[in-house]
Amino acid sequence: MTTISLLTIILAVLMVISGGRRGAISFVSLLLNFTLLFLTVILIAGGLPVLPVTFLAAVCILAITIYLGNTDEVETNVAFLATLTVLVLMLLLIVPLDHLAQIHGFSNEESEEIEAFNLAIGVNFEEIALTTTLLSTLGAIAEAAIAVASGMAEIIRQTATEGDSELRKSGRNIGLQIMGMTFNTLFFGMFGGNLALFILLYKLHASFGYYLNSKIFVGETFLVLYSAIAVILVIWLTIEFMIIKAHKMKQSK
Amino acid sequence: MLKVKKILLEVAVIFLGGIALYFATSHNAFMYQQPILQVTAVENGKTSVTKDEFSNRDEQTTQRLTGRILNGSSKGEKYTFSNTYTKSGGIDQKFHVGQQLFVNLYHQKGRTSVSVSTYKRDTYFAILVWIMLCLLLLVMKIKGLRALGSVLFNFILFILIVQLDVNWNITSFFAIFACSALIFTALTLVWILGWNKQCLITLEAIVIGTALAFAICIFAMWITNDQGMHYEALDFATQQPKQLFLAASVIGLLGTVMDAATDIVSTLFEMKRRQPQVGFKRLYSSGKQVGKSIMGPLVNVLLLIFFAETFTLAILYFRTGNSIGYTFSWTMSLGLVQSLISGIGITLVIPTASFLAAITLGRTEK
């Protein structure tokens, strides 16, 4: 048995033990997301248009992450709407900025790893960089949106009389806590993934200017910054959407 | 009226600040040691179509670039050189008039040759940081900066640890990273929660959860004899790859375990504050309830981060005729193992954090 399959089985068992039925559903959503991601790579490598495939995959991943395992209709709908809006807004930010900063493809530091390959493979690396960026932000925005939406729904349920500004304030408090932790998860995730790179850069006696300009470092930092921006945006939008929803629910009563 | 004025002022500050930043960072060549060249003329040559053995069609173009040096001892001098780029742009890049590039100048027998070292990206870097800061301030007000502060603080510490590792150059460097990652976690918690009981319980839960998950992972690797683990596929490895991989995994693991533990413990403390008479059983089951709802999204966050990192490489493997299995094991398996380890950490920290918080809070009541 390979290490990866043993670890997958251990994770599945532990998720069921610690989460029961919801744990099992979470594991299924993980498997579905992985399959979708893998399919996306294969479809794009097969030559299908990158942007439509990415957008479709992103919407599916968001739907799976948000709707599977969360049952409350109001919360999930608000969270889904907020994440979709952020997805579109992020496209508007990423497309021009990635083009200007030219961070797509491989960097000189990676040339050893790819020296066996001929890089003229006829795909648009700029569009692929866009896919990478969008996909890496999806998990974080889905998590933040769901957390803020369910936290606020709980407050609306408990105290029906709170005004907009009160509600906005509590939403912001929940968002702030989630944001602080999400920033750290992103940060640790990035350094966990790039530890070897940092050691290499230091061994090469990289100057401060190198950090601000090299493709590899700027590219990796852009990923974290985009995710941070997406998380802030999604918290803001979820709060506002939830307030609108609360108004509608009051009117219907 | 006052509110409209305030919003207008904010928008004006954001735009003017952005423009000032753009102007400053595109005229900062004098601050760099390495020569910077601004492209003043581009002459595109003929485009040739290339085709490889997997019938991937691409286009290759050579351009003649003329540029002026903006800084250093050769300031103001003009050079002409050539650059070859492909349409797909895997590692090369098409240059346009007005762009600034870092170059190396080689003087040899009265002639000077120019080679491009990297494109100047600091302007866009600064703009993106500016956008993020403005959004953070607008949405979260001044408190948002505190969250950012802890990340910056961790970053500086991290760079220091890397320095230590390189300078000491000891063989078992895993210990350095594991210890320092633990110190990061403790400092981050004190930064966010303050030095109190809640912080201490969270830290205990994190340490226990991480250690357990890591032990399970090592055990699984030992029992399966590292089958299917291609440590040599690790990018940029300049030290022993397996240790490096484990060190990287521990850092990722701590980050997620911290996220889960903080959520659970702070929810339970909040619950105790609102209903002081609540007992161990209620607290424990509420903690597990919180855990259940955050488990799925958190594991997905990691999966997406790790997968996105390998995306470009996987495309390259597929386009050059590699099978699905081969591509998977050489580009994705390491990242996937990292997210699996973090997932195991999350599932283990949920009962640990719930138990520790519940037993402490349940006891103080009597």
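**View 1. Cys199(B) and its closest cysteine sulfur.** The sulfur of Cys199(B) lies 18 Å from that of Cys179(B), the closest cysteine sulfur, which is too far for a bond. A disulfide is taken here as two cysteine sulfur atoms within 2.5 Å of each other. Cys199(B) is buried, at 1% relative accessibility; buried stands for under 20% relative accessible area, exposed for over 50%, and partly exposed for what lies in between, with a 1.4 Å probe and protein chains only. This is a predicted model, in which local features need pLDDT of at least 70 and side-chain atom pairs count only at pLDDT 80 or more, while totals for chains, interfaces and linings use all residues; side-chain values use heavy atoms, without hydrogens and water, residues are numbered from 1 along each chain as its sequence is written, and chains are lettered from A and ligands numbered from 1 in the order in which they are written.

**View 2. Cys217(B) and its closest cysteine sulfur.** For Cys217(B), the closest cysteine sulfur belongs to Cys179(B), 17 Å away and too far for a bond. Cys217(B) has a relative accessible area of 0% and is buried.

**View 3. The interface of chain A and chain B.** Contact, meaning heavy atoms within 4.5 Å, joins 116 residues of chain A to 118 residues of chain B. The two chains bury about 10800 Å² between them, and 76% of this is on carbon and sulfur atoms. Buried area is the accessible area (1.4 Å probe) that two parts lose on being put together, summed over both. Met181(A), Phe188(A) and Asn213(A) supply 7% of the area that chain A buries against chain B, more than any other three residues.

**View 4. Polar pairs across the interface of chain A and chain B.** The rule finds 19 residue pairs in polar contact here, both residues at pLDDT 80 or more. A polar contact is a pair of N or O atoms within 3.5 Å; within protein, one must be able to donate a hydrogen and the other to accept it, and residues adjacent in sequence count only if both atoms are side-chain atoms. Zero salt bridges are found across this interface, a salt bridge being a side-chain nitrogen of Lys or Arg within 4 Å of a carboxyl oxygen of Asp or Glu.

**View 5. Ile9(A) in helix α1.** Ile9(A) is part of helix α1 of chain A; helices (H or I, at least four residues) and strands (E, at least two) are DSSP runs numbered from the N terminus. Ile9(A) is partly exposed, at 45% relative accessibility.
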